[in-house]
Amino acid sequence: NSMTAIANNHVVSFHYTLANAVGEVLDKSQGEPLVYLQGAGNIIPGLENALLGKTVGDKFTVTVPAAEGYGEYNPELVQEVPAKMFQGVDNIQAGMQFQAQTDDGVQIVTVKAVEGENVIVDANFPLAGQDLTFDVEIVDIRDASQEELDHGHVHGAGGHHH
Ligand code: ZN
């Protein structure tokens, strides 16, 4: 019901617009709201904390510091690798993104520069090190099913299908 305040184990639907520190819009919900399970770490901690206690119809703006978002930028994740590692890619250019298998699982790496036979890649998450501002509108709150709680994510519309 409309008076429910967001707490752990609620399934929450919200619209958002995400902007960086200079007001550039990076992402927004398109048509359908984003749906997540509160308390399960489905979304970044700073945003999850800001949503706690809100009710349907609430609109607010929150700026999440990098440390509570996608983490600080780690210069050690910038590495030089041989271009021949990019087999099957004809024309490697700055800005290209690739999936790389690492000890920590699959990571997105972004090409920073190509220098002769070598490529400078950055394995930081693209939004790492950025303070992020979210404009949020809460559109729905419901109790999670036991199955959703067991899985730690939302099922059905906007969630997982399996
Ligand atoms: Zn599931």
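**Strands, zinc and pockets**

Analyst: Q99 stands opposite I108 in β7. This is a predicted model, in which local features need pLDDT of at least 70 and side-chain atom pairs count only at pLDDT 80 or more, while totals for chains, interfaces and linings use all residues. Residues are numbered from 1 along each chain as its sequence is written, and side-chain values use heavy atoms, with hydrogens and water left out.

User: How do you know that β6 is joined to β7?

Analyst: Two strands pair if DSSP finds at least two bridges between them. β6 and β7 have 6 bridges and run antiparallel, so they count as a pair. Strands themselves are DSSP runs (E, at least two residues), numbered from the N terminus.

User: What makes β5 and β6 edge strands?

Analyst: The open sheet has 4 strands in the order β5-β8-β7-β6, with antiparallel pairing. β5 and β6 each pair on one side only. Neighbouring strands of this sheet are turned by 45 degrees against each other on average, direction ignored; the axes are lines fitted to C-alpha atoms, and angles run from 0 to 180 degrees between N-to-C directions.

User: Why is the site of the zinc ion called tetrahedral?

Analyst: Four donors count as tetrahedral if all angles lie between 85 and 135 degrees. The angles among the 4 donor atoms here are 94 to 124 degrees, so the site meets that condition.

User: What makes H151, H153, H155 and H162 donors of the zinc ion?

Analyst: Donors are N, O and S atoms within 2.8 Å of the metal (3.2 Å for Na, K and Ca). H151 (ND1), H153 (NE2), H155 (NE2) and H162 (NE2) coordinate the zinc ion at 2.0 to 2.1 Å, so these atoms qualify. Along the chain, the donors follow the spacing H-x1-H-x1-H-x6-H.

User: Which residues lie nearest the centre of the largest pocket, and what makes a residue part of its lining?

Analyst: A pocket is an open set of points on a 1 Å grid, where a 1.4 Å probe fits, with protein on both sides within 12 Å along at least five of seven lines; lining residues have an atom within 4 Å of a point. The lining has 16 residues, of which V81, M85, A100, V109 and V121 lie nearest the centre. β6 gives the largest share, 5 residues.

Conventions: Four donors count as tetrahedral if all angles lie between 85 and 135 degrees; four count as square planar and six as octahedral if opposite donors are over 155 degrees apart and all others between 65 and 115; anything else is irregular.
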